[in-house]
Amino acid sequence: MTMRLRLLAPLLATALAAAGCTESGEPPAPDVLRVGLAAPATLLPDVRDQPGRMLAGALWTPLSDYDPATGKLTPRAAESVTSADRITWTVKLKDGGKFHDGTPVTAQSYVDTWQAIGAERWQASRVVKDLLRAKEITAPDPLTIRLVLDRPSGQVPALLSSPALVPLPASVLKSRDWPGFAQRPVGNGPFRLDGAWQPSGGKLIRTADAPGKARVIELKTGDAAAQYDEVKAGKLDLSTFVPGDRHEAMHADFAQRHVMWALPTTAYLGFPLTAKHFSDATVRHGFALGIDRAALEAGALGKQVDPAKSLLPPAVAPGERSSTCRPCTFDAGAGKSLLTQAEFPNTPVHFGQSQASWLRPLADQVSASVSVPLATEPGEGPFAIDVALMTPSPQETLAEIVKATGYTSDGFADLLKSAEETDSAESGEIYRLVENQLLRDLPVAPLWSGHGHAVWAERVGEVKATPFGGVDLSGVSVR
């Protein structure tokens, strides 16, 4: 029996090493990266959550990257995105693009995919139908996509950078087997999925040589706190989400080995503009000043958000705001004074019915801070607006606010139209004017935007993240 165990031991060690793991928690092979993440909602590029965006970024290459702060476009799968009149747009693809199944990525791949997105009514359908609003989408040749819009828009480069508008191979577009494809997605990105995705995770294999970078990525879904501890213990290389109760410890536990980034999620408190008691902007400002965002961030929201500094969240804001907007600050005394000035009645205030977990604690807080009685039942009153953005265009955020509140005012529609029509690289100043008007009239009170976190082991480097891609797995180095 002893001799048999001696013979089996080296075989077992070899098998474990080949699998990229060891029982002792020692680092795996130099080209293997072990990553922890929350379970994604889907592996279809119908991006709905942070882990889904990260995996989409590994499995697919978008047409371009877009930085809303600078208006800069960086081509990826596209060679160029151009228009002479901002109505007819031409996208030229880089030659040689292939799906992981070996079939070519063509302009028709995008045309057929975008049609399927609309037909299936995926989350991304609002990008195609409500934001792009193209009357025609055609492929004049294998490397050219032609879009004809129903009005001028300079936001097309920003919209086309959405991770939801990546191409799908002809095989799934023909079969429409979305559940099967979600288990074994076939993209055009830097990694392919090795085998089927399991509830516990999966394995990514890099499709081209990249010295110093991971060739294999082992993905493990699980509890955020447990994976944080596994990174500390050396059993995991990178955790892409950090629970709120580890925020303070993160800075000491990982020193320079952690990163935070803005997520494309934002929240507002909307006001019923046609309701008698909220038709006055002074009242709306009074309620906004009664919100202690920092207290809610540390409490009910589990330290997973950043209190708002402006109306547009960091993920889509053009440029940086030098100071916090006045309606974004907590000043209970000023809030009470404004309500007194507006002769706000001392009657119970209803808050709208909502699935948002934060609405009730916010209502209790405002009631106490500005001394207004709170109705026990929901009704016509302030309501929750949670927005999950699909694109880095400010137009999407502003359209959601207008849709939720029905806000109108003299000149506003023309100003918003002017911002949309202006070239994306030049539209930032006009969007700031739009934002300033909304901050004056305040149909919504800005609350907060989401942020992501990652921590990593000493063998890992070059960890970077973006709002719409999460951690860039293709850029992480291992040693």
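# A guided tour of the predicted model

The chain averages a pLDDT of 92, and 94% of the residues score at least 70, pLDDT being the predictor's confidence in each residue, from 0 to 100. Colour by this score and select residues 1-24: here the pLDDT is below 50, and beyond near neighbours in sequence the stretch has 7 contacts in the model, a contact meaning heavy atoms within 4.5 Å. This is a predicted model, in which local features need pLDDT of at least 70 and side-chain atom pairs count only at pLDDT 80 or more, while totals for chains, interfaces and linings use all residues. Residues are numbered from 1 along each chain as its sequence is written, and side-chain values use heavy atoms, with hydrogens and water left out.

**Stop 1: the nonpolar cores**

Select Trp114 and Leu473. Of the 70 residues in the largest nonpolar core, these two touch the most other members. Such a core is a set of buried Ala, Val, Leu, Ile, Met, Phe, Trp, Tyr and Cys residues joined through side-chain atoms within 4.5 Å; buried means under 20% relative accessible area, exposed over 50%, and partly exposed in between (1.4 Å probe, protein chains only). Helix 3 (residues 107-120) gives the most to this core, with 6 residues. Helices (H or I, at least four residues) and strands (E, at least two) are DSSP runs, numbered from the N terminus.

Now display the surroundings of Leu473. Leaving aside neighbours within four places in sequence, Leu473 is in contact with Val35, Met54, Ala58, Phe191, Leu204, Arg206, Ile217, Leu219 and Leu238.

**Stop 2: helix 3**

Follow helix 3 along its axis. Its 14 residues reach 20 Å from the first C-alpha to the last, close to the 20 Å expected at 1.5 Å a residue; the expected span is 1.5 Å times one less than the number of residues. Which residues of helix 3 are buried? They are Ala107, Ser109, Tyr110, Val111, Thr113, Trp114, Ala116, Ile117 and Gly118. Just after the helix, Arg121 takes a positive phi of about 55 degrees.

**Stop 3: strand 1 and its partners**

Select residues 32-37, which form strand 1; 6 of its 6 residues are buried. Val32, Arg34 and Gly36 point one way, whereas Leu33, Val35 and Leu37 point the other way. Strand 1 pairs with strand 10 (residues 216-221) in the parallel sense over 6 bridges, pairing being assigned if DSSP finds at least two bridges between two strands. Within this pair, Val32 has Val216 as its bridge partner. Strand 11 (residues 238-239) also runs parallel to strand 1, joined by 2 bridges, and here Gly36 stands opposite Ser239.

**Stop 4: the hairpin of strands 2 and 3**

Move to residues 64-67 and 72-75. These are strand 2 and strand 3, which run antiparallel and are joined by 4 bridges; Asp65 is partnered with Thr74. The two strands form a hairpin with 4 residues between them, and Gly71 in the turn has a positive phi of about 75 degrees.

**Stop 5: helix 10**

Select residues 281-289. Helix 10 is largely enclosed by the rest of the structure, because 7 of its 9 residues are buried: Val283, Arg284, His285, Gly286, Phe287, Ala288 and Leu289. The elements covering these residues include helix 11 (293-298), helix 12 (332-341), helix 13 (359-369), helix 16 (428-441) and strand 15 (444-456). At the N-terminal end, Asp280 caps the helix, with a side-chain oxygen 2.9 Å from the backbone nitrogen of Thr282.

**Stop 6: Arg459**

Where does Arg459 lie? It is in the loop between strand 15 and strand 16 (460-461). Arg459 is buried, with a relative accessible area of 10%. Its side chain is joined to that of Asp237 by a polar contact of 2.9 Å, a polar contact being a pair of N or O atoms within 3.5 Å, of which, within protein, one must be able to donate a hydrogen and the other to accept it, with residues adjacent in sequence counting only if both atoms are side-chain atoms. Val478 is 19 residues from Arg459 in sequence and 5.6 Å away in space, C-alpha to C-alpha.

**Stop 7: two loop residues with positive phi**

Select Arg86, in the loop between strand 4 (78-83) and strand 5 (88-93). Its phi is near 65 degrees, a positive value in a residue other than glycine, and at 33% relative accessibility Arg86 counts as partly exposed. Finish at Glu343, in the loop between helix 12 and helix 13. Phi of Glu343 is near 55 degrees, and at 69% relative accessibility Glu343 counts as exposed.
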